[in-house]
2 protein chains.
Amino acid sequence: VITTDALVENVHFRRDTMPLRDAGWRAMASNISDLAATGARPALATVALGVSADATRDDILELYRGMVEAASAYDCEIAGGDITRAPSLVISITAIGEVRPSRVKGRAGARPGDIAAVTGPLGASRAGLHLADTQDMLDEHLRNEALSAHRRPQPRVEQGRWLAASDHVHAMMDISDGLSTDLSRMCVQSNCAAYVESVPVAPSAAEMAKHRGEEPQLYALAGGEDYELLAAVAPRAFAYLSSRFAKRVGGPLHAVGRFREGSGLYVRKGEREEPLAPTGWDHLA
Amino acid sequence: VITTDALVENVHFRRDTMPLRDAGWRAMASNISDLAATGARPALATVALGVSADATRDDILELYRGMVEAASAYDCEIAGGDITRAPSLVISITAIGEVRPSRVKGRAGARPGDIAAVTGPLGASRAGLHLADTQDMLDEHLRNEALSAHRRPQPRVEQGRWLAASDHVHAMMDISDGLSTDLSRMCVQSNCAAYVESVPVAPSAAEMAKHRGEEPQLYALAGGEDYELLAAVAPRAFAYLSSRFAKRVGGPLHAVGRFREGSGLYVRKGEREEPLAPTGWDHLA
């Protein structure tokens with residue numbers, strides 16, 4: 001499998017709030033996460049780097065260090081690249097992974113009745129984004145959770161490979177643009193609807209939302225760059241799969257809702273059901 | 001083999017002097033040329049596109065049309081991509097090709113005594129660049145040569161595959177940054193020097209140089225983006241290889257000089273030899 005993903009300064013990150021080493025990590029991690037979503041083992045990556053006139057040699061080295069760290073952490077080799085002048089920093093990465101073709105699930109396989117499941121709590125990366133202006137709002141433990149989710153996201157390669165090996169998993173993708181947006185994409189591709197019952201919110205997101213008087217669920221539904229995986233799982237197999245997942249990979253598989261006939265996303269509001277609009281990242285906004 | 005190469009607006013092209021469709025062609029062609037330099041058959045490509053706020057939907061489609069045209073012309077499939085907001089248009093392409101590993105020559109194999117050969121006359125792309133301000137300087141035939149070299153360069157895939165199949169070719173690369181710069185790189189990698197005897201200048205480059213009172217050789221030595229191939233060929237085999245090349249691939253293989261012991265580039269100046277500085281494209285200038 002091959003994937004490509006670009007990170008652009010002042011679009012995806014700002015140099016004054018994100019160390020370049022972390023920007024390098026994130027750029028590589030987002031590509032590795034795309035591989036994880038296919039159940040692949042990362043193999044190699046190429047890097048096309050656009051460098052603005054104000055970037056120093058050290059800036060470029062820091063960027064590369066972050067990329068190399070993320071690649072190394074997932075046994076991915078940086079095989080080569082290109083460097084050119086650009087109006088701002090642009091990190092464009094292509095990654096290649098290996099997977100048995102029969103295991104690649106894609107986004108189109110979810111069936112009405114399937115459980116929508118995620119590999120971990122969501123929203124911490126968004127909490128980390130807010131830390132730039134509100135450092136003191138979280139205690140140290142939660143601050144670390146939020147910061148590392150935001151700056152050093154961990155693609156779910158092992159989890160993806162494990163889930164891809166199961167025939168009970170019908171569709172899989174990573175949640176890079178927010179659960180509501182990505183779940184909505186899976187619904188469109190799978191030609192069905194989804195009902196969201198409960199979303200696991202990361203502790204740092206819950207606390208940050210409280211401090212800012214915001215809705216914790218919004219962090220989990222709309223916050224991008226969590227890089228957990230979203231899977232459609234056959235309902236009869238879910239309990240079994242989830243308990244084996246917890247044992248083998250560590251951490252529970254969270255059921256967030258169910259796929260159903262129709263189209264669109266729905267969420268419970270008190271006693272009623274309401275449509276849920278995709279509110280995550282728009283790549284051209 | 002895998003290669004990646006990015007084209008950035010206002011660095012590699014300007015929207016007021018280059019139709020976006022041609023910019024798309026060039027971005028794809030420069031990647032395919034890198035494959036050609038390894039003797040590979042193009043297989044697939046991915047495209048990461050950065051789009052500035054002033055680019056319309058039609059602009060993006062025109063870019064893609066040019067990319068698709070170039071890819072199709074060389075049997076290369078665009079397998080996927082990414083699109084994101086950016087401060088200017090950024091076209092970052094990764095291409096994958098297939099070649100028997102034993103045929104890949106690399107840049108490090110040139111030996112003292114080898115002939116430095118190029119697959120075609122140089123400088124037309126630079127002449128095309130000047131056409132933006134001096135439309136009327138060339139007659140129609142030469143204007144077309146210069147414009148198509150600049151806007152629709154033809155990577156030498158067939159030539160590269162043919163040369164790669166010969167054991168008499170010791171090193172190969174494409175001339176994307178100007179002959180003096182790229183020959184100098186081959187010398188550094190091969191740990192030898194080169195003496196430049198005569199460089200084939202494209203007719204449009206010769207004519208444009210005359211009009212502008214410039215040195216025609218400079219167009220051929222310093223002008224980038226010609227996308228011919230540079231090869232180091234065993235001297236005893238050159239005459240035979242060159243005549244077979246002309247028959248099989250069309251057009252002669254031009255001897256431009258010789259590799260020798262030492263380092264650096266040299267050129268004849270009247271009766272004397274002088275060092276030649278690499279004067280081509282610097283990616284961070």
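By what turn and with what RMSD can chain B be laid on chain A? A turn of 180° with a shift of 0.0 Å along the axis gives an RMSD of 0.0 Å, the copies being superposed by least squares on the C-alpha atoms of residues with pLDDT of at least 70 in both. The two copies are therefore related as by a two-fold rotation axis. The contact surface is shared as well: 100% of the contact residues of chain B recur in chain A, contact meaning heavy atoms within 4.5 Å.

The model is predicted, so that local features need pLDDT of at least 70 and side-chain atom pairs count only at pLDDT 80 or more, whereas totals for chains, interfaces and linings use all residues. Residues are numbered from 1 along each chain as its sequence is written, chains are lettered from A and ligands numbered from 1 in the order in which they are written, and side-chain values use heavy atoms, with hydrogens and water left out.

At the interface, 27 residues of chain B are in contact with 27 residues of chain A. About 2,300 Å² is buried between the chains, and carbon and sulfur atoms give 66% of this area; buried area is the accessible area (1.4 Å probe) that two parts lose on being put together, summed over both. On the side of chain B that touches chain A, the elements giving two or more residues are β1 (2–8), β2 (41–51), β3 (77–85) and β4 (90–98) of chain B. Helices (H or I, at least four residues) and strands (E, at least two) are DSSP runs, numbered from the N terminus.

B:Ser88 lies in the loop between β3 and β4 of chain B. With 5% relative accessibility, B:Ser88 counts as buried; the term means under 20% relative accessible area, with exposed over 50% and partly exposed in between (1.4 Å probe, protein chains only). Leaving aside neighbours within four places in sequence, the contacts of B:Ser88 are A:Pro87, B:Val8, B:Glu9, B:Gly50 and B:Ser52.

The largest nonpolar core has 47 residues, and A:Met28, A:Ile91 and A:Leu163 have the most contacts inside it. Such a core is a set of buried Ala, Val, Leu, Ile, Met, Phe, Trp, Tyr and Cys residues joined through side-chain atoms within 4.5 Å. Helix α1 (residues 20–36) of chain A provides the largest share of this core, 9 residues. Apart from it lies another core, of 46 residues, including B:Phe13, B:Leu20, B:Leu35 and B:Cys76.

In chain A, 6 of the 8 residues of helix α5 (residues 157–164) are buried, so this helix is largely enclosed by the rest of the structure. The buried residues are A:Val157, A:Gln159, A:Gly160, A:Trp162, A:Leu163 and A:Ala164. Their cover includes α1, β2 (41–51), β6 (169–174), β8 (229–233) and α9 (238–248) of chain A. Not counting residues up to four places away in sequence, A:Leu163 touches A:Lys105, A:Thr119, A:Val169, A:Met172, A:Ala231, A:Leu241, A:Phe245 and A:Leu253.

In chain B, B:Leu230 is found in strand β8 and, at 0% relative accessibility, counts as buried. B:Leu230 and B:Val169 are 61 residues apart in sequence and 10 Å apart in space, C-alpha to C-alpha.
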